[in-house]
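Here is a model to read by its own cut-offs.

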Amino acid sequence: RAKSEGPGRSTIFDTSMHEQVRERIELEVALRQALAKNQLHVAYQPIVRLETGMPVGAEALVRWEHPERGSIPPMLFIPIAEDSGMISEIGTFVRNEALRQLGVWRSQGVVSESFYLSVNVSPRQLSEPELPLVFSGELFRYGVPAQCVALEMTESVMVDGSSVTARVLFELRQLGAKLLVDDFGTGFSALGYLRRFPVTGVKIDRSFVTGLGKNDQDDEIVRAVVAMSHALGLSVIAEGVETKLQREALYQVGVVNGQGWLWGKAVRAEEFAAVWHLGAAIPAIPLPVASVTD
Ligand code: C2E
Ligand code: MG
Ligand code: MG
Ligand code: MG
């Protein structure tokens, strides 16, 4: 069948495949250099109480400013880092940078005692048996209590993970870190892992938040997620909250915490501290209580 479409067809296909492979290799080489040259940094996005707009924590997100190409999105380079093994080094960098920053903010009184930083950990990192010991050493070095750190992982980690991964998760939890399921609801997996693993909370994926207040099905899905999570003693954070309508709908179905552009994008540490320090005016207007109780 491909033949009948002419000889040029497969050539075009080969060329674009070739392009993709080259692009990938170029990115991998550039990423390796970026790591060596300290061209990665960490940005912080607030996680707030829906009711008050006050920050309870922040997610640490890696950023790559390429000198020529500009900012390269994590969606493009995290998978490459994961495949090539560089994710361990990137993860170590992000964790250390975030913990160091949290130690500074705590000692300067920029954040409250209970404020936590949430760090993404990839499946590959969680398959490394030494991670809990390394992590506990880092907590000690930066003077940060484990309860002030959340580790975010996708549900695939628990569904496909090995027995080593299971042990790593139990050890991390034993240290006192929060364990959050990222992009919750997108994995199409049976929910039994929520009971088998020491998870402390879920982050409802942005795709379910988008239609809130407009799409009854999304409202019902989120309502069910909240009911189940609370029954299991799990915390709930809604991801990707962009509008007041979404915030009100989330509040109405019992979600306590949210994260999204409505409150702020991920920004560098200095800007985060300037906008979000304790006692700063709350950038987003608190939820009008009257409008959610009727
Ligand atoms: P994630 O962990 O689910 O992070 C949330 C993503 O949603 C971030 O994208 C954030 O900037 C974006 N976001 C937040 N609020 C909104 C909103 O209101 N609307 C929209 N449209 N987007 C919003 P980002 O920073 O581009 O990161 C993408 C993904 O890359 C992350 O998804 C995470 O899976 C991965 N990633 C980022 N940093 C790291 C890291 O340090 N380590 C690892 N392993 N993965 C990371
Ligand atoms: Mg995350
Ligand atoms: Mg997420
Ligand atoms: Mg997500």
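Predicted model: local features only at pLDDT ≥ 70, side-chain atom pairs only at ≥ 80, totals over all residues.

Q: Why can Asp182 and Glu239 be said to tie together parts of the chain?
A: Asp182 sits in strand E6 (residues 178–184), while Glu239 sits in the loop between strand E8 (235–238) and helix H11 (244–252). These parts are 57 residues apart in sequence, so the pair ties them together.

Q: Which residue coordinates both the magnesium ion (ligand 2) and the magnesium ion (ligand 3)?
A: Asp182 coordinates both. The two ions are 3.3 Å apart.

Q: How do you know which residues coordinate the magnesium ion (ligand 2)?
A: Again the limit is 2.8 Å. Glu59 (OE), Asn120 (OD1), Glu152 (OE) and Asp182 (OD) coordinate the magnesium ion (ligand 2) at 2.0 to 2.2 Å. Along the chain, these donors follow the spacing E-x60-N-x31-E-x29-D. Glu59 in strand E2 (residues 55–66) and Glu152 in strand E5 (residues 149–154) are 93 residues apart, and the pair links distant parts of the chain.

Q: Why are Glu59 and Glu152 called buried?
A: The cut-off is under 20%. Glu59 has a relative accessible area of 5%, so Glu59 is buried. Glu152 has 1%, so Glu152 is buried too.

Q: What are the protein donors of the magnesium ion (ligand 4)?
A: They are Asp183 (OD) and Glu239 (OE), at 2.1 to 2.7 Å. Those distances fall within 2.8 Å. The magnesium ion (ligand 4) is 3.1 Å from the magnesium ion (ligand 3), and Glu239 coordinates both. Asp183 lies in strand E6 and Glu239 in the loop between E8 and H11, so the pair ties together parts 56 residues apart in sequence.

Q: Why are H3 and H5 called roughly parallel?
A: Angles under 35 degrees count as roughly parallel. Helix H3 (residues 87–108) and helix H5 (residues 131–142) pack at about 30°, with axes 9 Å apart. H3 and H5 are therefore roughly parallel to each other. The crossing of H3 past H5 is right-handed.

Q: Which residues make the contact of H3 with H5?
A: From H3 they are Thr92, Arg95, Asn96, Leu99, Arg100 and Gly103. From H5 they are Leu131, Val134, Phe135, Glu138, Leu139, Arg141 and Tyr142. The contact residues divide into six nonpolar, three polar and four charged.

Q: How do you know that Asn96 counts as buried?
A: Its relative accessibility is 13%, under the 20% cut-off, so Asn96 counts as buried. Asn96 is in helix H3. Leaving aside neighbours within four places in sequence, Asn96 is in contact with Glu138, Arg141 and Tyr142.

Notes. Residues numbered from 1 in each chain as written. Chains lettered and ligands numbered in written order. Heavy atoms only, no water. Donors = N, O, S within 2.8 Å, 3.2 Å for Na, K, Ca; no water. Helix = DSSP H or I, 4+ residues; strand = E, 2+ residues; numbered from the N terminus. Buried < 20%, exposed > 50% of the residue type's maximum accessible area, 1.4 Å probe, protein only. Axes fitted to C-alpha atoms, helices over the stretch in contact; angles between N-to-C directions. Parallel < 35°, antiparallel > 145°, perpendicular 65-115°, else oblique. Left-handed = near helix turned anticlockwise from the far one by under 90°. Contact = heavy atoms within 4.5 Å. Nonpolar A, V, L, I, M, F, W, Y, C, P; charged D, E, K, R; others polar.
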